[in-house]
Structure formats: C-alpha cells, structure tokens
Amino acid sequence: MDVAVCGGGNAALCAAIAARRAGASVVLLERAPAYVRGGNTRHTRDIRLAHDEPNAAATGSYAEEELLDDLLRVTAGETNRPLAELTIRESKSLASWMSEQGVHWQKPLKGTLHLARTNGFFLGGGKNLVNTYYDTVERLGVRVVYETSVVGFELRERAVQAVVYERAGAVERLRCGAVIVAAGGFEADVDWLKEYWGDAAGQFRIRGTPYNTGLALKALYEAGAKRIGDPRGLHCIAVDARAPKFDGGIVTRIDAIPFGIAVGADGARFYDEGEDLWPKRYAIWGKLIAELPGQAAYAIFDRKSIGGFIPSVYRPLCAQSIEELALVLDLEPGALVRTVTAFNDAIRPGGTFQPGSLDDCRTEGLAIPKSHWARPIDTPPYYGYPLRPGVTFTYLGVEVDAGARVIDADGRGFDNVFAAGECMAGNILSRGYLAGFGLTIGTVFGRIAGESAAAHVRA
Ligand SMILES: Cc1cc2nc3c(=O)[nH]c(=O)nc-3n(C[C@H](O)[C@H](O)[C@H](O)COP(=O)(O)OP(=O)(O)OC[C@H]3O[C@@H](n4cnc5c(N)ncnc54)[C@H](O)[C@@H]3O)c2cc1C
C-alpha cells in the first residue's frame, strides 16, 4: 500500500481524497465502528473560510488579513506565522474544493453566534459531511477499514516502514510507503488528562468521540516526533451535568450563564457572568468550573430569561422559590438565598437589558461584579442547570512543516510521516479558539498531507 491514513474524521478523509486523487493507493484505518465513524467531525456544523466576495458558503467578504487578525487576537500572537498564513491563504479555495467532493452548503442556522460572513455551514452538519466524504473516498477506491486502532510505527532511520495496528484483539502490521496521522487529540483518555488536571478530570464530560484517546499521537511521540502545545491546554465549555460522559455533542452546551448567575457547590458566585459578549466568553467557563471543588457549578435564572438563549437538550430544573430550587439542585438553601438576595440588591437601578450588546445593566459593590445583563432574579418560576466542564478537544500535538511533514525532536522532518487535523492544530491554534477554524486547519493540512504523501511515494 502506498499511503496509510490513520483516523477517520475530517482531516483523515481530506488527506485520503487528496492522496488518492494524486494517484496513490490509499488505506484509511478508522478506530471507530462504521456507525459512529468520523470522530469529532460528526458534531461539527461550520468551517471558517477567507473569501474576497460572497460564495456558495458565506456572505460578504472576509479578507485574509482580517482572519489573520482574528487568529492573532485569540492566540495572543502565539502561532506559527507561516503555517497560519498558509492555512488562511488555502482556506480561500476550500468552499469550491469541498463542493467538488460532494458537500452542499446551507444558510446559517438561527443562534449560530453571527458567523454567516466568516463561516460556511454545510448542509446536514458534521454527520452529513462525514458521510459525503466517505462516499467520495470509497468511490475513488480508497480501502476503508473500521475498528482498527493504530498503536505504533516501525521505523528505519527516519522513515516509517509499517503501521502497527490492533484489530479484533490481534496486533498486525501494514507495510506502507507513507503514513498520515489524522487521529485527533487525546481528550477521551481521562487518565492522560489526569496527568495534567489531577482527579478533576474524572468529572469532565468529553463532548466528542470516545475513540480519540491519543493512541496514534503517543505512537508518534515514541517514534521521536516533536511535541507542540501546552499539555494542559483544552477547549472546554460549560455543559449540562446530565450530559453523557462521551459524545454529547453540541446539544449539551449551556448558554444560560449571562442571563442569570452561576454559583459553585457552596451556593456562592465565582466569576463575572457578564464580563463580555457570550461568543467571546463561553469558552472560558469549562476551565472555571474545572477549578471549582467537585467541578460542579449551577446556572440560576428566572422566568424572564426563558426563550432568551439557545435551549439545550435538557430542560432546566424548576421551582417556585429560590429555597426550593436550591433543594432541587442539592444546594444549601440558605447559601443560595443569600447569594441571590445580595446579587439582586447590588443591581444598579435604571439599566436597559439588551442581551445582544454590552448593556448598562450591572451590579455595584459586589466582590465579584456582574458587568452586563444584570437583572434581578425575582420572577418565578426559578430555574437551574447543573454544570460540568465539557472538553471539546486538547491542544497537545506534533510539530509539522508547511508540507505537513512531522518534525522530530532534533528539528528534522521524517521522510514519510505526515500529520493533519487536531493532532497538529497546536502549531497554529496554540490556545483560544476561533469557531470553525479546527476544520479549516484539518481540511487545509489534510489536503497538503495527502499531496505530500503521494508525492513522496511517487518520487
Ligand atoms: C461538539 C463539537 C462541536 C464542534 N464543532 C465544530 C465546528 O462546527 N467547526 C469546527 O471547525 N470544529 C468544530 N469542532 C472541533 C472539530 O471537531 C475539529 O476541529 C475537527 O472535526 C477535527 O477533525 P480531525 O479529523 O482532526 O479529528 P476527528 O474528527 O476527531 O477524527 C479523529 C479520528 O481518528 C480516529 N482515531 C482516533 N484514534 C485512532 C487510532 N489510534 N487509530 C485509528 N483511528 C483513530 C477517530 O475514530 C476519528 O475517526 C467541534 C468539536 C466538538 C466536540
């Protein structure tokens, strides 16, 4: 076999398409069974694309410079600038390339955080994207093997000779001319997370696939690949505590926090719920909750806020008084009543509540202020969501060059090892997040990795 692709999500599929279209024979090894194939890509909805004029995917224009500025802002400048610029430049051709692979576009859904200009929404969401790409790779003649976990690489000098994989309890090897690793991060390995987060990680909900345990990433490190990214780095948001341990996806996200208050298990507030617009702040709440005792928090609001935010799949718990709500949520009633009373009393009179902008509704005199959207919690029924940290992905990965070639600890490239997607995204997105940019990096580097691997085996 010319090219072995490890993984079965967006980056792997784009790599397989590109390698096959460039003339290589390709096998794709997906750890998951077919019915849950596609990794975290199954949960996605949109991809960020630079463009000079409206296209099938997005409205208006979004210049390369503007996207770069957005990236530099969220990463505080910590990015591999040439790779970032390459990704952004290449993103301009993705809408038409994706269409060529069978992807269709749709208008952005309501409640998608104002992304119509910057992001393209693919019809049918991530599951359809994944199914479309699988149809395409199979039509092109890529051999897809499910329930196959890549666990190692046999190396000679700087070249992989064979991929080692586990399938149906047996360990086997597959000889190949080049390998592309696109097997996501390690967010589903809770023991690995505990190395950096301690026992707190035991309470985390993993929003995506249980198959991203970093086995292939570990195998790359064992082969000598250079690490990139903060091992403790996570994209982590507030999700409903009733969410399943894995694969809850987007519907478990709780967006109620700016509409009321958030308290810990002691019934006390712990952070400014109105610090900034929610799209700019939602991604800090997972880590805030991860730092609390028991990793438990509660979003508290009243009837006025129902209908104001995107509902989650779970109904909020409900009661006619704050005392009763505390009992329903298993909080100490006196503590929650004191917190709500102090909050209500501290609200500056006369503000005009405007959820879409930084309004003038704020508290005064509290040790932890609420800077915007502060309205008294005084209208029954009262509601509460139990919250836990929900991990989207990890940032730790391997260093690559502009050809998606994996770099080793000495700073030299492997001859025939390439990486794409979440396992190398840390080169560009070292921290922070730009909605839809995970897919941008995975699609751009998937294509590059596929072309590089095919060029290597043809040389
Ligand atoms: C709920 C949720 C919503 C998201 N929404 C968006 C969005 O709208 N836009 C966006 O850009 N990003 C979004 N993301 C982030 C997004 O998932 C990623 O950026 C992107 O899909 C990652 O693609 P990937 O191919 O690198 O990894 P994945 O899609 O996770 O694929 C990894 C693949 O590797 C396989 N695998 C793992 N280990 C092995 C192994 N040892 N051997 C073989 N196969 C293995 C897995 O089974 C899986 O198929 C979201 C994430 C989540 C969790």
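**Group meeting: salt bridges, domains and a hairpin**

The count of salt bridges comes to 20, a salt bridge being a side-chain nitrogen of Lys or Arg within 4 Å of a carboxyl oxygen of Asp or Glu. This is a predicted model, where local features need pLDDT of at least 70, side-chain atom pairs count only at pLDDT 80 or more, and totals for chains, interfaces and linings use all residues. Residues are numbered from 1 along each chain as its sequence is written, and side-chain values use heavy atoms, with hydrogens and water left out.

One of the salt bridges joins E291 and R232, with the closest N and O atoms 3.3 Å apart. This pair links distant parts of the chain, 59 residues apart: E291 sits in the loop between helix 9 (285–290) and strand 15 (297–302), and R232 in the loop between strand 12 (227–228) and strand 13 (234–240). Helices (H or I, at least four residues) and strands (E, at least two) are DSSP runs, numbered from the N terminus. Side chains of opposite charge can pair when their charged atoms come close.

Next, the domains. An automatic or database domain assignment sets the bounds, giving domain 1 (3–232 + 395–458) and domain 2 (237–390). Their C-alpha centres lie 34 Å apart. In contact (heavy atoms within 4.5 Å) are 21 residues of domain 1 and 23 residues of domain 2. About 2,000 Å² is buried between domain 1 and domain 2, and carbon and sulfur atoms give 57% of it; buried area is the accessible area (1.4 Å probe) that two parts lose on being put together, summed over both. Two salt bridges are found across this interface. On the side of domain 1 that touches domain 2, helix 6 (190–197) and strand 11 (205–206) each supply at least two residues.

Now a hairpin. Strand 7 (residues 148–156) and strand 8 (residues 159–167) pair in the antiparallel sense over eight bridges; two strands pair if DSSP finds at least two bridges between them. F153 stands opposite V163 in strand 8. Two residues lie between the strands of this hairpin, and E157 there takes a positive phi near 55°.

Last, the backbone. Most residues other than glycine have a negative phi, and most peptide bonds are trans. E147 has a positive phi, near 55°, and is found in the loop between strand 6 (143–145) and strand 7. What joins P380 and P381? A cis peptide bond, with omega about -5°. P381 lies in the loop between helix 11 (333–346) and strand 17 (382–394).
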